[in-house]
Amino acid sequence: MTEEVKNNLNPDLCGFCGAPGVKTVYKDKLFGKSENAVIIENLPVRHCETCGESYYDPEVSRLIDEILAHPGERAIRRQINVVSLAA
């Protein structure tokens, strides 16, 4: 079994550097831009304190793909302020 496969079997090991102690943090993430933008709140992100990499578990990635394919099915429309620094 390769080291990469072993790391994928243990969620406490980083998928990039193999170090132990990966934590799940919850973040709000913007996908897309302009009128097609979607913010997913409380997205579980795996973060390695050793190498600094952040990544999604496969099931979270699939959920993101599903949401972005049909954002209107789950989205709550909110008005937000946007500042553009473009000239």
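This is a predicted model: local features need pLDDT of at least 70, side-chain atom pairs count only at pLDDT 80 or more; totals for chains, interfaces and linings use all residues.

**Entry 1: Phe-16.** I began with the contacts of Phe-16, leaving aside its neighbours within four places in sequence, and found Cys-51, Glu-53 and Tyr-55; contact here means heavy atoms within 4.5 Å. Residues are numbered from 1 along each chain as its sequence is written, and side-chain values use heavy atoms, with hydrogens and water left out.

Phe-16 sits in the loop between α1 (3-9) and β1 (23-31); helices (H or I, at least four residues) and strands (E, at least two) are DSSP runs, numbered from the N terminus. Is Phe-16 buried or exposed? I noted it as exposed, because its relative accessibility is 53%. My cut-offs are under 20% relative accessible area for buried, over 50% for exposed, and partly exposed in between, with a 1.4 Å probe and protein chains only.

Entry 2: For Cys-14, the nearest cysteine sulfur is that of Cys-51, 3.8 Å away. Cys-14 counts as buried, because its relative accessibility is 0%. Cys-51 is partly exposed, at 35% relative accessibility.

**Entry 3: positive phi.** I also looked up backbone angles, remembering that most residues other than glycine have a negative phi. Ser-34, which is not a glycine, has a positive phi near 55°. I placed Ser-34 in the loop between β1 and β2 (38-47), and it is exposed with a relative accessible area of 59%. Asn-42 also has a positive phi, near 55°. Asn-42 belongs to strand β2 and is exposed, with 55% relative accessible area.

**Entry 4: the whole chain.** I finished with the overall picture. The protein chain has two helices and three strands, in the order α-β-β-β-α from the N terminus on. Of its 87 residues, 18% count as buried. Among contacts with a separation of 6 or more, 33% join residues 24 or more positions apart. The chain exposes about 7200 Å², with carbon and sulfur atoms supplying 52% of that area; accessible areas come from the Shrake-Rupley method with a 1.4 Å probe, and for residues only the protein chains shown count as cover.

Definitions and conventions:
A disulfide is a pair of cysteine sulfur atoms within 2.5 Å.
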